[in-house]
Each structure stands twice: as structure tokens, then as C-alpha cells.
Amino acid sequence: MKAKKLLHQGVLDCQGLLLELGSNDASLDKLKRHILQNWIPGSFLYELDECWALVWPRPRELDCQQISGYALVRYGDTLSTTPLYDGQFAPDGALQWLLRQHAGDLARHSLHKEKLRDPSEFIAINRYQVLTVKPLGEISPPEAAIQHVDSNVRQVFKEAGLEASQAQQETLNALKQMQSGANAGPTLTGLVRAALSGLFRTSGDNGSGAASGQGRKPSTPWSRMRDAVSMYLMTTRMGALLGRRQAQHLHKMMELFEQGLLEEALKNAIPLGDIRDAFDRNTERPAFGSPDARQNLSLSTHRQSSGGSIYVQDESMSLLERTYEQAFKRLDAAGKIEEAAFVLADLLRKYERAVDYLEKHGRFKLAAELAEGQQLFPARVVRQWLLAGDTARAIAIVRQTECYRAVLDLLHRHAPEEAARMRWEFASQQAAEGAFHEAVTLAWPLEDKRDEVIEWINRAVSEGGDNAAKLLIYYLKTGHQTNAQAYLREAQRILSDDRAEYAHVRHALIQELSVSNGADAKQEGVRLAAKTAVRALLKELNTGHAKYDKRSLQRLLGVAADPLLSHEVSALALGAAHHGAGEPLHVRASPLEYSLAKGDGAAILDICPLHNGGLLVARGDAGLFMYDARGHCVHSWSVGARALVGSDHGNRALVLDRNESFIKAQYFDLAGRSVRRWLELKADRIATSFDGGQWIAAEGTSLWSLDVLSSSQRSALWSISDLPGHVVALNRTPQALTMLVQSSGDAFELWRYRLPHFFLRARDPVSKTIIRQCRPLAMGPDGVIAGLFTDQGDNGAEHLSLLEGDHRGEPLALPPTDKIAHALLQDDWLAVETQSPGGGRKFRLYARQGRLIRQLCLSIHVEGFAPVNMKFFPKQLALYSDDGRVMVVELDEGRLVKDWSL
């Protein structure tokens, strides 16, 4: 779903209002009164999650800045509080959905009839009191009280003592002098002095804050000088001269249109996006002089930055728009397709309409280039490339944005013959990335591909882990009989194996079975697996390895459909005693304490967990080793391995080695137990995880999303080559990419992308003053930086604080003798390595909220003197040492998952 802005602005035709509910009864009463005040006959009222939607029978013109609540604008069958691009929704029909900006993302609500409410329930009749009224008697007719004044008004004011004060008289005299030309406006010297006074002001001093998004750049000294000169020119006679020149240009352009010289007129035409209302205070800087004529009418497929704004009245804007529309119709009638598309896209800035027009006339490649360049909805861009015959480009965009489902839905409506072919292409890409569950669910409807799909299931089962659990149950739910017995036996074997290393796979199987519906329960394999799952869950509850969830257990019993088993379970005393003894780690009153013992193995340079409970271990020139869930080495490869980058699916990894100034990357596949050479890369910063198909790296002012599955060197699915500086820190999660960029002017910016679409959510300046005061140690996915500060006193003590934007959190409280060696940030956690004067070492884990460090939750004492490293994984903290020790702690309850000597 692609939005233009966060919220609607200006005067719009609104279909209703969205009103958010407060946290107390007073807020609810206020909301009800507001609904009744805005109610008109024929309206509908919906009660949604923490908000109410009032929908009118017809649109009403509203000023979005003057209303209480959020304006709802209709897009086909959807209401939205956010401006959206056209073409993303079904045609006009009955309203079905509501999109709402909530917590930084778009939340989707169904406008089902069950959510309708009657506002008459808000009216409490019993609160009204009946008053007795008495007649006031006969009303007397009004009498005229008009007095005619014969004297001059100024004379009357003077006689009443209302003469102008001295200050008012001086103001009037000054205005008369300005009118006669004695004072033409502020002097250039004064305005340049004002600009110089703030010339070297940091962007953090700007009260308006940094702009979010890619379009606006932070304020710089030269931009502030330019704005000052702009102010001078527009407030003096020079501004009037420039305005006359621009008016002459517009007049000349309109004369060319009237004379029928269409091509010359369009060469001199001004895009509507560069024209602003003269009273718009949020506009860009004004344009100086008249625009240059174009050399030709070629279509611009990429976004163009404005060179400045030309100010016109609303009436002129409407006239220009009508003129451009007439020009489009004339070009269309003359068969000049690309010139007509130029008018739609470059002048009217109606990109969706331009793409539709080019597609209608068979200009598929140009339509695809325009759709991609103007960043239309990803599924629409993919469809255009498919129509253009460039399947490779379409698949590359799908891989980058992961909009598989949206593209297939679009193809089913507009090009059903392509849907099956692309479904298989998308599923094959997912399987190549190791996302077997997504691949199987995509490709299963293709009956002629069942053999290949079943082979994917077999590969996932051979890998083990969560993917295997999900696919075993998925296959049983389909009712397909070829492998049903074999997969049922495998599911029952896993559920019956009570070893601790298979606990996460058992839990995944139980979860998949508990969400089955009535249709799934009709399959015999699903019912038999559910019976085994019930008994496995009871064992987990008895040993304290699972929490008692009555609803989940009841759902599982419903799937099993065994009355005798249900009776046995109801006879058990399940309750508080089986809720599990685990306490959430982040709220512990006292920290958990563990000890990492000395090891006697070879040095471990890096580790990577596998989704089957195993572990991948890098040991430099000694090679790469794979261990199973019990800590036994099952395979090794003679490759250089100094760092590991794990995939989100847990079954792929990049094995990195240094070759002089280059990084040599090799690709590890768990299913094939193979390592293949991939590429050599020079990079300053790399992501420590990837999605199985794309890996993010930065070097200099360039950022790439590298295609891991491509056989060619340095094939990028997405890239930026003109960053304002070097990337000094990079943090990637499956949902977000955060970068700290340092420019040549020693300014810092925090860039935040939403993945997998690479949508730039924010680009904020960071105070370089605070950065310079500390030694940065780590950056979290939320952009918070852990910095080590040194006191300016005689003792020079060091302390750690968290930085968020221009704000600095409270120092971390540690024993005064402990020295901080390293720190890591991930999600809501801060991990710190400390050393005491006697040589003792500890790893401490703290819960945090933004820059606020809350409490100590975990403390790990390290025995011996071998170097120890730490690393965050999803819901896990791992330690590994140069003497072969590995410790992994899960972060939900702080349980010790692994404590191995390798």
C-alpha cells in the first residue's frame, strides 16, 4: 500500500470523519457529542479498534486543518485518513475497508455491518428536565433609533477626543512615504547580515526540525543564504520585476496556445507541480526569471526536482489546467501518443493516468519505465513490466518489494493467462531463497507442478526446524494422499520426541495444528496429528516447558475430534500450577546469573544459529563447521571463514573471509549442505543478516542491495550511488534498515528505510556536538546510539549513555572500578561487556526503552582469560570465545538454550 503523505491536508471532499477514543469516560462523552454534532440523515457509524468512523451519505467539503479528528477520503471501496495513489483499490462500489495511520504504519479495518452502531443510543433522555414556561406577553414592535449626523466624521471623532496618537501618526506618515517610493523594502545589506548571523548554525538548531523523506534535504549554510536573497528579491522592486517577467512568459505561452502553435506552447509550458498558490506558506523557494523553453517534448520517466515555484492566482491555475487538458485531447486526436503522455505526466503530473494512456496505446515499455520512475504501487509496476515482456525486470522488482500476493491478485483481474506462469516464477524464487513455506503455499494451486512442490517439502523436512513443522501440517491439511502417511509419521515422531533440543520444533507443530479450522479437521491425518499434539502438550505442561493456555488447548482438542481424549483432559487438574514458572526476562526484579566456563577447544570467530536448532561455526583458516541441535559436529568445509551473515529463514548463510582489502563471500545452503563461491566485494559497512536473496552493503557514498542468487558479480536489485557522505553505522532487521551517514562537512544524518520496499521513512540530522563528545560503540535498529563519554574532571571516568536524536539519556550505573569494553543494541535490549581491575569480566543485559535504560535483567560471569564476543540473534543473546565455548540465552524468559564446549 503506497501513501503520498501521512495525512490529508487542505480543503477536500471528505466522505466522513475518524474520531479516536480517549482513555477516560470524559473523552468518550466528548466523542459522542462530536458524532451527534456532525450527524446528517443517511450517515453510518462504525465502532473500530480504539476509534469511531462516521461515514456520510455524500462527500462534504472540509478544511482538514479545522476539523476535530481525521478526514476520511474515499478511494473506490476504501476510506483512508492518508492520501493514496489512484489505482490501488477496486472500482467504486460498496464501502468495505478503512485505512488509518496508526503507530507509524497503515492499519486496515473492515467496515462490516456487525460494527455498525446507532447514535441514538448516545442520547440519555433521563438527563433532560422538563421546564415550565410562562408567556412573556405581547411583543412590542421595534422603534427606529437612527440619528442623522450632519457633521464630518473626522470632526465628530475630533470633538470626542479620538484623535490619532503620535505613534499612529508616525506610522501613517511612514506608509505614505513607502507608497511614494521613499522606502522600497528591506535592504540587501540588512538581509545578508541576517543570513550571515545564522550561516553556520547547525541543522539541529532549526526549530522546525529535520524533514522526513527523500524529497527534502536538511538546511545548509548556503541554502539559508539562498533563502535570504530570495526574501530580499521578493520584497523589493526587484521582486516585482521578476514577477512581470514570469507573467510575460505565461502570457506568451497562452498566446501560443490560442494561435494553435501547440508544439511551441508545450515547449514553454510550466508543470503544474512548479506552480504554487501565492498564499501558500509551505511552498518551496520562488523561481527567479522565466523558465527556459524545452528542446523537445520527450517524456520524463523519473521524478524531476523543481527549480523553484512560480506564484499565480487560483483562477490562473484552473485556466492552465484546462488549457493542458485541451492540449492533451488535441494531441490524442492527432495520434501523437508520446506527446499526449508528456502533457499528462510532465505538465499535469497525473502519472497513473499517463501510464493507463500509454498502456491503452501499446507503449508498454514506456509505461513501465514511467510507472517505476514515478514510484507507483509496486504491483502496478510489475504488471507494466510483464506487459512490456521484460519478465526478468518484473521478478527483480517483486523480489525487492516482496509483493507476491498483490501482483498475483492484480494479474488474476487483468491478465489471468499470466497469473499461473508468474505464480511459478515467484514460488521458485522463494524456494531458492530458502523460504520453503512461502514457496509451497504459492505454488500448491498449480496441479501440474505438484511433483516439484513436494520436492520442496522434502527438502524442508530434511533441514528440520520450523519450516519442516509448518509444511508437514500444511500438506496434511491439503488432503493430498501421495505422501500423507510418511509425513504423518514424521510429525508424530517429532511430537513424541521429548528431547529439549527439539522443543522449538514441537511447539511449532502444536501451534500449526491449533490454528486449524473445521475444514482442516475433516482430514484424517490432521486429526491423528492433533491427538499426538495434545499428549505432547500435556507433557510440556507437566515439565514446565510450556505455559497453560486454555483456549489453545481447547482448539487443539476440537481439531482432534476425540470425545474420549477431551474427557481425559477435562478430568486433569490444569490451571495455575501449569502456567509455567518462567517470568518474562525484561520485568525481572532481580537479574538472572550465569557463568561461562573455560573451554579447551579451537578459537571461534563467529557463529550463526540454524532453524533446526543447530549451529554454524566459523573458525578462520581452520574452516567452517556445522553442529546439530545436540552439539555434535555433522559436517565441515575447508574454506576461509571469519564472519557469518545468517538469513532470516535460518537455512542460508554468507561465509565471509578477508582478502587484503576485499571481502570474499561464499554462499551456504543447509538443505544441500554445500558452500559455493559467490563474489569479492570492497565494502565499508555490511548488514549482519539477509533475507536469503538480498544482502545490503555500503562503500563510500554508495549503498547496494546485492542479489545473492545471481551468478554475476555485484548484481544489485536496488542501489543508491549519491549518498551525502559515508555510512559509519548500519543496522538491518527484516522490517527496517537504519544507517548513520557522515557527510564531508562532518554533519550526521540518520536514514531509516522500511523493508523490503526500501521506502525512506525519515532522514533526520543528528547533533554532531554530542557525537564528538563520545566514542560511539553501537547503533540499534531504532537509531539509538550507545556512546562512551569521558568526564572532564581529574579522574577522567568513563560512562555509557544512549543517544536518541539530539537527546542524551542518563548514564548507565556501574561499579566505579568497572571499565566498559564493548556494547550492543538490539530491539529493547542493551548488552554491555565490562572488565574489573582484577581481570574479571562480565556481560550484562539491560532492558531499555529508547534511550532510557530500565533495569539489569541478566549477568554472565566469564571464567578464564580467553577473548569472548557477543552477538544478538532474533530473541537470543549468544557468547562465543577463543577457547571454543558457546552460550546462547533466549530473551523471553532468560532460559539457557546452549552451553557447549566445541
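W678 counts as buried, at 4% relative accessibility in this predicted model. W695 is buried as well, with a relative accessibility of 0%. Both values fall under the 20% limit that defines a buried residue.

**Aromatic pairs**

The structure contains 12 aromatic pairs. A pair of aromatic rings is described by the distance of the centres and the angle of the planes. For W678 and W695 the ring centres are 6.0 Å apart and the planes stand at 55 degrees, so this pair is tilted. W678 belongs to strand β18 (residues 674–681) and W695 to strand β21 (residues 694–699), so their pairing ties together parts that are 17 residues apart in sequence.

W751 and Y753 form another tilted pair, because their ring planes are at 35 degrees, with the centres 6.4 Å apart. W751 is buried at 4% relative accessibility, and Y753 is buried with a relative accessible area of 2%. Elsewhere, ring pairs join W444, Y474, Y475 and Y487 into a cluster.

| Ring pair | Distance of centres | Angle of planes |
|---|---|---|
| W678 and W695 | 6.0 Å | 55 degrees |
| W751 and Y753 | 6.4 Å | 35 degrees |

**Arginine side chains**

Aromatic rings also take part in contacts with charged groups. R60 lies over the face of W56, at 4.4 Å from the ring centre. In the case of W97, the charged end of R108 sits over the ring, 3.8 Å from its centre.

The side chains of R763 and E749 are joined by a polar contact of 2.7 Å.

How many of the eight residues of strand β17 (residues 662–669) are buried? Six of them are, so β17 is largely enclosed by the rest of the structure. Strand β16 (residues 652–659) pairs with β17 in the antiparallel sense, over eight bridges. Within this pairing, V655 has Q666 of β17 as its bridge partner.

β17 is also paired with β18, again in the antiparallel sense, through seven bridges. Here I663 stands opposite L681 in β18. The hairpin of β17 and β18 has four residues between the strands, and R673 takes a positive phi near 45 degrees in it.

**An open sheet of seven strands**

Seven strands make up an open sheet with mixed pairing, in the order β2-β3-β1-β4-β5-β6-β7. The edges are formed by β2 (44–48) and β7 (105–110), each of which has a single partner strand, so one side of each is left without a neighbour in the sheet. On average, neighbouring strands of this sheet are turned by 35 degrees against each other, direction ignored. β2 and strand β3 (residues 51–63) run antiparallel and are joined by five bridges. L48 stands opposite C51 in β3.

**Cysteines**

The structure has zero disulfides. C64 is in no disulfide, and the nearest cysteine sulfur, that of C14, is 4.7 Å away. C64 counts as buried, at 12% relative accessibility. C774 is likewise buried, at 11% relative accessibility.

Note on methods
Residues are numbered from 1 along each chain as its sequence is written. This is a predicted model: local features need pLDDT of at least 70, side-chain atom pairs count only at pLDDT 80 or more; totals for chains, interfaces and linings use all residues. Side-chain values use heavy atoms; hydrogens and water are left out. Rings of Phe, Tyr and Trp (its six-membered ring) pair if their centres lie within 6.5 Å; planes under 30 degrees apart count as stacked, over 60 as edge-to-face and the rest as tilted. Helices (H or I, at least four residues) and strands (E, at least two) are DSSP runs, numbered from the N terminus. Buried means under 20% relative accessible area, exposed over 50%, partly exposed in between (1.4 Å probe, protein chains only). A charge sits over a ring if NZ of Lys or CZ of Arg is within 6 Å of the ring centre and within 35 degrees of the ring normal. A polar contact is a pair of N or O atoms within 3.5 Å; within protein, one must be able to donate a hydrogen and the other to accept it, and residues adjacent in sequence count only if both atoms are side-chain atoms. A disulfide is a pair of cysteine sulfur atoms within 2.5 Å. Two strands pair if DSSP finds at least two bridges between them. Axes are lines fitted to C-alpha atoms, for helices over the stretch in contact, and angles run from 0 to 180 degrees between N-to-C directions.
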